[in-house]
Amino acid sequence: MKILVPVKRAIDYKVTIRVKPDGSGVDTDNVKMSMNPFDEIAVEQAVRLKEAGQASEVVVVSIGSPKAEDTIRTAMAIGADRGMLLTHDTAVEPLAVAKLLVKLVEEEQPGLVILGKQAIDNDANQTGQMLSALLGWGQATSAAELVVDGDSATVTSEIDGGLQKLRLTLPAIVTTELGLNQPRNATLPNVIKAKKKPLDVREASSLGVDLDPRLKVTKVTEPPARKSGIQVNSVEELVAKLRDEAQVL
Amino acid sequence: MKILLLAEHDNQTLSPHTARALTAARQIGGEVHLLVAGQGCGHVAEAAARLSGVAKVLHADAPALAHQLAELLSELIVSVADGYDTLLAPATSTGKNVMPRVAALLDLMQVSDIIAVDGPNSFRRPIYAGNAIEHVETSGKQVITVRTTAFVPADTEGAAPIEQISVPDLASPAEWIEDITVTTERPELTSAKRVVSGGRSLGSKEKFDAVILPLADALGAAVGASRDAVDEGFAPNDWQVGQTGKTVAPELYIACGISGAIQHVAGIKDAKVIVAINSDPEAPIFKLADYALVGDLFELVPELTRAVSK
Ligand SMILES: Cc1cc2nc3c(=O)[nH]c(=O)nc-3n(C[C@H](O)[C@H](O)[C@H](O)COP(=O)(O)OP(=O)(O)OC[C@H]3O[C@@H](n4cnc5c(N)ncnc54)[C@H](O)[C@@H]3O)c2cc1C
């Protein structure tokens, strides 16, 4: 069984982002970029399944700037075998990403597509579900546990109120939650090996999918600022402030 | 404009998320229908009919809908979607699972997690963990999920008619095995007026329970946690507050031994008053806190519990 893992290049999760003063977006110049953390967990999970003898090959795909090659190489250093990069100049919306992935699924015939549950830049949480709907495959989102057993997968998902266990007939779509695993640190030899792994680069537009955005972003603004707070020196003072000043007790 | 809102429920009770998402729907403007889909959820349909501003409740009842699996629910919604310009749901785990499928099947892009309605096709939504706000416009038919903490609940003075709708033959490639849910007497986290949260520094589940829970109970508060506290097993995943957990908007949020990572504070920015208790005066949480108390939480939190219990 082949596993396909889509990975996204995004501003590193530790960076405090800056909204451009002209409202045109978020500043990405000279900002540290990394693989979306949820996607890294997806890569790690796929590689673990391969190491356990349950998958034959792990193929990663990234859609976007040519610089996403770095992201693909990072995934290869974790253990992915092969990469595909679909380049495009402007941001590609989740719907178009899902449609591009449908094309790749037709080409590659994976038994499992593992995706991050959301990308920490647009926080959309859509692509996996959209892909599942377009393919007519089963989906399990926010996976905290994934067990593959022959032609099915049992997934424990984090849901409001607790956990939900689902059994999916393969092929299927799984999206990852933070607790699924702790991605490994790539070793230096594996980083070097990753540079030589096969990477197929194509223009996203060559796949015959409409990539024009459907939503119009009119502007991006700062969130409302909170007024600055004060330090209190004792529990007694805190309780008095909460009671008399803030009036929340 | 005709709007279909997916009701959030567990076959027994209508979740308060629905009344809040309804407010967003009414701000979009037009005739709002509520879809109650499940098994044996007649009581829920009746409760939905009482929400103010609902023109009609569509009640779909079938064994296949018992667990509201995303594959089936999305097909059901698509089967009635023709008559609607706007399809929306609260951004709960059900809404997040179902609505992107609906959007894809209708060849539409979803607008996720709106926090404000600026016009019938114009919305605001947080991106980058709420550190930026994206203003977006759709061009016609639209699929939306709603961040419910951003909207007040609609009243319950309505009396809408309930219409049974037929359920298409549904088969899912996913099979439900079980739900493992945590029941609690405490208020629901996302709608609680007070929230007490603990972080990794609690050190163990025993200490989390011994230190955080008594303060929460003394205040009648819901309990929250940082992701690290969840990963360490101190708290169930359902308590996670933040970018990738729950958004809360209480009057009072007390963060105990939580550093204030970007991803955590993303979930608490709408709290009216934030109190942080942390031993590190440089902890980032203090930048956000209205009241900062520097010190050891193992002394200060029990002292606070005693003080508010008086
Ligand atoms: C993609 C992604 C998504 C994430 N989503 C979320 C999310 O939704 N929610 C979330 O919470 N996190 C999330 N995280 C994790 C987040 O980045 C932080 O790692 C996490 O919030 C830190 O948890 P913490 O504050 O409990 O632990 P730490 O950061 O370890 O902080 C512990 C704090 O406790 C203080 N302390 C220690 N001992 C004491 C004491 N005796 N008394 C008082 N204070 C003490 C320390 O000074 C420190 O500030 C996410 C991370 C990633 C990568």
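How much area do chain B and chain A bury between them, and what share of it lies on carbon and sulfur atoms? In this predicted model, the two chains bury about 6500 Å², with 54% of that area on carbon and sulfur atoms. Chain B contributes 78 residues to the contact and chain A contributes 75 residues. On the side of chain B, the residues that lose the most area to chain A are B:M109, B:Y128 and B:Y291, which together account for 12% of what that side buries.

Chain B itself comprises nine helices and 16 strands. Its radius of gyration is 21 Å, close to the 19 Å given by the globule rule for 310 residues, so chain B is as compact as a globular protein of that length. Along the principal axes, its C-alpha atoms fill a box of roughly 60 × 40 × 40 Å. Of the contacts in chain B with a separation of 6 or more, 64% are between residues 24 or more positions apart.

Of the 310 residues in chain B, 61% are buried. The chain exposes about 11400 Å², of which carbon and sulfur atoms supply 48%. Chain B carries 24 positive and 38 negative side chains, and the centres of these two sets lie 5 Å apart.

Helix α3 of chain B, residues 70–80, illustrates burial at the level of one element. Eight of its eleven residues are buried, so the helix is largely enclosed by the rest of the structure. The buried residues in α3(B) include B:A70, B:E71, B:L72 and B:L73, as well as B:S74, B:L76, B:I77 and B:V80.

Technical notes
Residues are numbered from 1 along each chain as its sequence is written. Chains are lettered from A and ligands numbered from 1 in the order in which they are written. This is a predicted model: local features need pLDDT of at least 70, side-chain atom pairs count only at pLDDT 80 or more; totals for chains, interfaces and linings use all residues. Side-chain values use heavy atoms; hydrogens and water are left out. Helices (H or I, at least four residues) and strands (E, at least two) are DSSP runs, numbered from the N terminus. The radius of gyration is taken over C-alpha atoms; the globule rule is 2.2 Å times the number of residues to the power 0.38. Buried means under 20% relative accessible area, exposed over 50%, partly exposed in between (1.4 Å probe, protein chains only). Contact means heavy atoms within 4.5 Å. Accessible areas come from the Shrake-Rupley method with a 1.4 Å probe; for residues, only the protein chains shown count as cover. Lys and Arg count as positive and Asp and Glu as negative; His and the chain ends are not counted. The place of a charge is taken as NZ of Lys, CZ of Arg, CG of Asp or CD of Glu. Buried area is the accessible area (1.4 Å probe) that two parts lose on being put together, summed over both.
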